[in-house]
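Please open the structure in your viewer and keep a selection panel at hand. The stops below proceed from strand to core, and then to the loops.

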Amino acid sequence: MSDDAQNPEPETRMIGAFASPIMVRRAQGSDALNARLAQTVRNMAHSGPSDDDYRAHQGGFYSDVTFFQDAPDGAAELQPIVARAVTDYITRVLGGSLRQGRVEISAWVGLHRERDYQTPHVHAGTTISGIYYVQVPPGKPEPQGCLDILNPLDLQEMTFLRGFAKTHCRVHPLAGDIVVFPAYCKHLVHPFFGDGERITVVFNATVVQPRLGKTMQE
Ligand SMILES: [Fe+2]
């Protein structure tokens with residue numbers, strides 16, 4: 001009798017528990033749409049102050065969170081692209097569509113130039129967050145302009161296997177990319193140096209659950 005017969009491979013399965021799913025979707029929109037959106041964002045940055053309350057950015061411009069409702073040029077075309085990305089993300093994470101609840105999406109825009117950056121932060125109070133990259137300065141070496149989504153399991157890095165435990169997941173974005181990730185994941189954006197602008201539409205997708213029961217006041 002062979003060793004294999006005496007010691008058969010034991011039935012084994014590995015469970016990828018506690019994963020934080022991140023979706024990167026490339027080449028959305030079009031060059032024409034991105035050119036229109038870029039001009040829209042430049043106009044917004046030129047005509048009003050940055051909405052800086054509770055923001056993590058250092059330098060640059062951010063609008064308030066009514067980009068899709070205000071519907072400046074390009075917003076109406078981008079909205080279904082973002083909505084589809086959120087729906088596809090949820091479907092891939094759950095292995096099917098939401099069984100209850102509805103999704104509310106809010107969006108704002110950002111414009112960043114040389115040396116602007118974002119400190120680590122979460123998007124509190126929502127479910128899923130994402131970024132659509134309208135324009136990215138070309139040819140910047142990593143990590144310039146990169147998005148780092150930080151590992152929420154910091155204990156992993158302290159004690160677990162090297163090569164498996166990672167501090168962050170890095171995305172080096174291109175124009176037309178959409179990145180979707182859990183809103184609880186801290187993330188940061190590295191500065192870039194030299195010419196160019198990074199223009200983004202950032203969004204939150206909040207899953208609103210139906211109320212489970214009446215409250216004491218009802
Ligand atoms: Fe953010």
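Begin by selecting β6 (128–135), a strand that is mostly covered, with seven of its eight residues buried. Helices (H or I, at least four residues) and strands (E, at least two) are DSSP runs, numbered from the N terminus. A residue is termed buried if 20 or more other C-beta atoms lie within 10 Å of its own, exposed if 12 or fewer, and partly exposed in between, with C-beta atoms placed from the backbone.

The model is a predicted one, in which local features need pLDDT of at least 70 and side-chain atom pairs count only at pLDDT 80 or more, whereas totals for chains, interfaces and linings use all residues. Residue numbers start from 1 along each chain as its sequence is written.

**The partners of β6**

Five bridges join β9 to β6, and the two strands run antiparallel; two strands are said to pair if DSSP finds at least two bridges between them. To locate this pairing, pick S129, whose bridge partner in β9 is F181.

**The nonpolar core**

Which residues have the most contacts inside the largest nonpolar core? They are V41, V86, Y132, V134, V180 and V201, in a core of 36 residues. Such a core is a set of buried Ala, Val, Leu, Ile, Met, Phe, Trp, Tyr and Cys residues joined through C-beta atoms within 7 Å. The largest share, seven residues, comes from α4. In soluble globular proteins, nonpolar side chains tend to be buried together.

Now centre on V41. Not counting residues up to four places away in sequence, V41 touches V109, L111, V134 and I199, where a contact requires C-beta atoms, placed from the backbone, within 7 Å.

**The open sheet**

Select β2, β5, β10, β7 and β8 in that order: they form an open sheet of five strands with antiparallel pairing. β2 (57–58) and β8 (168–171) stand at the edges with a single partner strand each, so one side of each is left without a neighbour in the sheet. At the β8 end, four bridges join β7 to β8. I149 stands opposite C169 in β8.

**Backbone exceptions in loops**

Most residues other than glycine have a negative phi, and most peptide bonds are trans.

- Select E142 and P143: the peptide bond between them is cis, with omega near 10 degrees, and P143 is placed in the loop between β6 and β7.
- Select F18, in the loop between α1 (3–6) and β1 (23–25). F18 is not a glycine, yet its phi is positive, about 65 degrees. F18 is exposed, with 8 other C-beta atoms within 10 Å.
- Select A71, in the loop between α3 (67–70) and α4. The phi of A71 is also positive, near 55 degrees, and A71 counts as exposed, with 11 C-beta neighbours inside 10 Å.

**The whole chain**

Finally, zoom out. The secondary structure comes to five helices and eleven strands, and the C-alpha trace spans about 80 × 55 × 30 Å along its principal axes. Of the 218 residues, 26% count as buried. Among contacts between residues at least 6 apart in sequence, 86% join residues at least 24 apart.

Methods:
Two residues are in contact if their C-beta atoms, placed from the backbone, lie within 7 Å.
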